[in-house]
Amino acid sequence: MKASCLSFVWISLLLSALTSVAVAADPANGQILARQCSVCHGKMGIASDPEMPSLAGQSELYLEKSLKDFRSGIREDRRMSLMAQSLTDEQIKDLAAWYSSFTVEVSRPE
């Protein structure tokens, strides 16, 4: 019984490692891709236009879902829908990894 449990653990660990390698995002590539985003969302992901959201420090899952929703048409915005259409799943993951890697500090007004 112990041998079969140990085999199961090893197989699970192996599959987990293979899965994480296959879906690993590349923030460095995200930084390159983000150049096209900087026009609206700011060079470092902090938008100066109050109608544009800042992306720096946002959740990776939120950014990924948002881009996929724009690409599929679930969310609609004239500019974002057009920009997201050409992005692959890998590029979306890379962009999300880049913007989520920022640390944004907030201070209370005094």
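Let me start with a term: helices here are DSSP runs of H or I with at least four residues, strands are runs of E with at least two, and both are numbered from the N terminus. Asp69 lies in one of these, helix H4, residues 60-72.

Now the ground rules. This is a predicted model, with residues numbered from 1 along each chain as its sequence is written, and local features need pLDDT of at least 70, while side-chain atom pairs count only at pLDDT 80 or more. Totals for chains, interfaces and linings use all residues, and side-chain values use heavy atoms, with hydrogens and water left out.

The overall layout is quick to tell. The protein has six helices and zero strands. Along the sequence the pattern reads α-α-α-α-α-α.

Back to Asp69. Is Asp69 buried or exposed? Buried, because its relative accessible area is 11%, and buried means under 20%, exposed over 50%, partly exposed in between, with a 1.4 Å probe and protein chains only. Contact means heavy atoms within 4.5 Å. Set aside neighbours within four places in sequence, and Asp69 is in contact with Ile74 and Arg75.

How much of the protein is buried? Buried residues make up 26% of its 110 residues.

Next, the core. A nonpolar core is a set of buried Ala, Val, Leu, Ile, Met, Phe, Trp, Tyr and Cys residues, joined through side-chain atoms within 4.5 Å. The largest one has 17 residues. Leu67, Leu95 and Tyr99 have the most contacts inside it. H4, helix H5 (78-85) and helix H6 (89-100) each supply at least two residues of this core. H6 gives the most, with five. As background, nonpolar side chains in soluble globular proteins tend to be buried together.

Stay with Tyr99. It counts as buried because its relative accessible area is 2%. Beyond neighbours within four places in sequence, its contacts include Ala34, Cys37, Leu55 and Leu63.

Last topic: aromatic rings. Rings of Phe, Tyr and Trp (its six-membered ring) pair if their centres lie within 6.5 Å; planes under 30 degrees apart are stacked, over 60 edge-to-face, and the rest tilted. What does that rule give? Two aromatic pairs. Trp98 and Phe102 are edge-to-face, 5.0 Å centre to centre, with 80° between the planes. Tyr99 and Phe102 are stacked, at 6.5 Å and 25°. Trp98, Tyr99 and Phe102 form one aromatic cluster. Why does Phe102 count as buried? Because its relative accessibility is 18%.
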